[in-house]
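Let's take a friendly look at a protein chain together. Have the sequence and the 3D view open as you read.

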Amino acid sequence: MEDVAGRWWNGIWGRLGRRDVWLTREVRWKVVARAGDSENGRVLRWEFDTEADALAMVKRLLAVDAGGQ
């Protein structure tokens, strides 16, 4: 999903001289999981389009019995 935060153009009509500029923001949900300590731990990252999908991953990660892995 991309939000348009602003749009500008140089005021010139015509296909050769016109310039358009868009400022957009892509909103994504990110899940970061670390196994181990902050210095030597392994970090995994996932990105999701919806909050529901991200929360499903969080629940999945919390439910896993990795036995310290």
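## Fold and overall shape

Please keep in mind that this is a predicted model.

The box filled by the C-alpha atoms tells you about the dimensions: along the principal axes it is roughly 65 × 30 × 15 Å.

## Burial and contacts

Of the 69 residues in the protein chain, 7% count as buried. If you look at contacts between residues at least 6 apart in sequence, 15% of them join residues at least 24 apart.

## Surface and charge

The protein chain has an accessible surface of about 6300 Å², and carbon and sulfur atoms account for 52% of that area.

On the charge side, there are 12 positive and 11 negative side chains. The centres of these two sets lie 7 Å apart.

## The aromatic pair

How many aromatic pairs does a search of the whole structure find? The search returns one. Its partners are W9 and W13, with ring centres 5.0 Å apart and planes at 65 degrees; an angle over 60 counts as edge-to-face, so this pair is edge-to-face.

As for accessibility, W9 has a relative value of 37% and counts as partly exposed, whereas W13, at 68%, counts as exposed.

Technical notes
Residues numbered from 1 in each chain as written. Predicted model: local features only at pLDDT ≥ 70, side-chain atom pairs only at ≥ 80, totals over all residues. Heavy atoms only, no water. Buried < 20%, exposed > 50% of the residue type's maximum accessible area, 1.4 Å probe, protein only. Contact = heavy atoms within 4.5 Å. Areas by Shrake-Rupley, 256 points an atom, 1.4 Å probe, with all protein chains shown as cover. Lys, Arg positive; Asp, Glu negative; His and termini not counted. Charge placed at Lys NZ, Arg CZ, Asp CG, Glu CD. Phe/Tyr/Trp six-rings, centres within 6.5 Å; stacked < 30°, edge-to-face > 60°.
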